Amino acid sequence: MQPLITSLLFPQRDAIKFAIKGVLAMALALYMAMFFSLERPNWALIGAIFLQMRPESGLVLEKGLYQIIGTVVGGAVGILILELFPSEPILAMSCLALWLGINAGLSALVRRVNLIYAFAMAGMTASLVVLLVMVQPQQASSASIFDIAQARVSEIIVGVVCAALVSTLIWPVKVSTVLRANARKSINQTLDYLATELDPQGSHASRHQAIDGILESLTELNDDSTAVSYEGPHGPGRNRASNLLSNKILSLLALIQIFGRLQRNHPELISTSMGAMLDDMYQSFRAIASATSFADSYQLTQALRRRQSQYANTAENESALGLRLFKIAQDLSAELVVILKSYDALTSERQPKLNAPRIKPHHDPLVGLSTGLRSMVMFVVGATLWLGTGSSTVLMIMIMPVVFSIMMARLPMMILTVVLRRILIGVVIALALAVFYALPLLAQSSGDYELLILILAGPYFASLLLLANRATLPYGLGISIPFTIFVMPSPGMVQAFQIDATVSNALAIFVGVSVLYWLFKMITGPSLTLMMQRLMKNTYRDLLALSYHPKADMWFNARMGDRLLRIATYEKGMTKSRNLIDLALTALNLGHVSLHLRNMIQARYGEQLNSELDSLQKALACAFLNCYYGKSPQVFHRTAQQFLERLPKHELSDEEVELIRGSIERIALSLNRSATMIAVERSQTPA
């Protein structure tokens, strides 16, 4: 309870502004709903509440747009279900359960929170339309069904429009500001990681802690990047800059581990010139991270690139691997320059010329099936109770918990337990506020809009203060939405003090959320081991298909971003070692190395050796999968040796031959290391 008390007693200035804006948005939504004589203004309030979870104007506009789309689609589906099964409640409920399951399953296949809201609203609106008609079946007709659907859609749209107007016009907070802060954080974390990889005293734990932080920051950056497109003419350019920055950071992660692993595992392969360059890179990354402006960072990076060229030009008697590493070091600095330019485009009005694909969410049908099944079961539990009792109170079990099941499907069980517990605490507080404060005052008031706002402003202000903080957000959600349902403000409101109906609604929501918790415990989805295996096999397939895509390096980065975060998260629940995320990072690097090798060969021979290159790529993908199972990557060694024997060396310079040989040697070293470590771990793990 400490976070709740602290947030209420010691709110930050930004939180107070956010709460004031939220109260104004809800007051405007309530006024407009009453002005247009909408039947249930409380749903306009709920539509506005959902938009308060992220107050940045671009996010509010994007979320509002998705809410409207989801609401319209859900209303249409609700009408269709009632037209098909007007007097058959069991069939109608079955169709509604299937619709909710489809939306929940699709929501589990996306990562953008605002898109998840669209699926949640599509399910909730269809439920409202169908259930409100079936509560009074004697009054059902085509006209009444359409009127109810139109009213629900109108109420949600009013709440969305009012919240968007207040967010845009009063103390506007731009998502571009948050995006710049996240970008700066991601770049600094990456520079720290680059230095940590080159630090001879760096620990295995510190490296992986840095990797986890980078992947989480990139996810936040990627989630917010689309919303910036709604913020003026420079928004789309900043969206592209954000995508490019995220993509290129993944390229840096692919390149830097080469040098770190070489230092730790094969120091005998590092020449004097190479050692001097690595020490220079270590010091430079620290200096770039400490720079206070783009100009300083850019100048330091360009100076490092020039020194790297000098190290390469003055090196003597370098091995094939050494020559390749000098080239990789220069590629790394070039990628860092692009990252800094992308950040500059985020902080200025410059428009980046190069675009990159967004980080793609990992789509796993098994996760979608388990999420859809959970939401369907939650709805069926409520529907069974309603069909058996006929109580309208049970409708609360069939709406809000189902929406929560969609919104929270991606949360880990440990976090989900805390969130649901805090929502339940919020429901209890909302009940107390309604019974001991709001309803008694409303019962004695004249029903004027001004008095209604004065009475409701206090509870909403407190709940919005909680919504402004991530740690206390579940409390705010548990207070604001149930409180709205308990009070149900309406035009000319002079309510009788019906404590029994209010308590019944509270018990229904409380029971529904409790049932949802146990459904999350019982329908857990695929095991971590199975999910890890599917992630690795998807990586194997991407390695096979890598060379067939335009801008293959960016395509591969976009595919690997979310996958790396999932692998890191799942591995923490499976074992204390970090060998699997090491292997996934190796795959990221091997994809880039194989692309560079293919480009080098094709630049000299055209398509003459495409068949041999395809065989080599297939062997690389198979060797990666063998490493995951702890098996020897001999398939790559054999294929690589055959490739080198067939290579027409007379058309290549000695340096090019050595670069090709060096690339293959480095791939072999990485695969052997990963296979050995995973084989040792599997041998020590009980069957």
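Visitor: How many cavities of 30 Å³ or more are there in the whole structure?

Guide: A search of the whole structure finds five. A cavity here is a set of points, on a 1 Å grid over the protein atoms alone, where a 1.4 Å probe fits but cannot get out. Please note that this is a predicted model, in which local features need pLDDT of at least 70 and side-chain atom pairs count only at pLDDT 80 or more, while totals for chains, interfaces and linings use all residues. Residues are numbered from 1 along each chain as its sequence is written, and side-chain values use heavy atoms, with hydrogens and water left out.

Visitor: How much space lies in the largest cavity?

Guide: The largest cavity holds about 110 Å³. That volume is the space filled by probe spheres set on the grid points, which are joined across faces, edges and corners.

Visitor: And which residues line the largest cavity?

Guide: The lining consists of I258, R261, L262, N265, H266, R666, L669, S670 and R673; a lining residue has an atom within 4 Å of a point.

Visitor: New topic. How far does helix α13 reach?

Guide: Helix α13, residues 320-347, reaches 42 Å from its first C-alpha to its last. That is close to the 40 Å expected for its 28 residues, where the expected span is 1.5 Å times one less than the number of residues.

Visitor: Why is α13 said to be largely enclosed by the rest of the structure?

Guide: It is so described because 20 of the 28 residues of α13 are buried. Buried means under 20% relative accessible area, exposed means over 50%, and partly exposed lies in between (1.4 Å probe, protein chains only).

Visitor: And α12, what do its buried residues pack against?

Guide: The buried residues of α12 pack against α11 and α13. They are S297, T301, Q302, A303, L304 and Q308. Helix α12 itself (residues 294-314) has 21 residues and reaches 31 Å, close to the expected 30 Å.

Visitor: Where is I288, and what does it touch?

Guide: I288 is in helix α11 (residues 272-290) and is buried, at 2% relative accessibility. Leaving aside residues up to four places away in sequence, I288 touches L191, S297, L300, T301 and L336. Contact means heavy atoms within 4.5 Å.

Visitor: Is T125 buried or exposed?

Guide: T125, in helix α6 (residues 113-135), counts as buried at 2% relative accessibility. Beyond residues up to four places away in sequence, T125 touches T71, G74, G75 and R152.

Visitor: How many disulfides are there?

Guide: The count is zero, a disulfide being a pair of cysteine sulfur atoms within 2.5 Å. The sulfur of C627, for instance, is 11 Å from the closest cysteine sulfur, in C622, which is too far for a bond. C627 is buried, with a relative accessible area of 0%.

Visitor: One last thing: which loop holds W171?

Guide: W171 is in the loop between α7 (142-169) and α8 (175-198). Its phi is positive, about 45 degrees, although W171 is not a glycine. W171 is partly exposed, with a relative accessible area of 41%.

Visitor: What is the phi of K551?

Guide: K551 has a positive phi of about 50 degrees and is not a glycine either. K551 lies in the loop between α20 (528-545) and α21 (552-574) and counts as exposed at 53% relative accessibility.

Key
Helix = DSSP H or I, 4+ residues; strand = E, 2+ residues; numbered from the N terminus. 1 Å grid on protein atoms, 1.4 Å probe; cavity = no way out; pocket = protein on both sides within 12 Å on 5 of 7 lines; lining within 4 Å.
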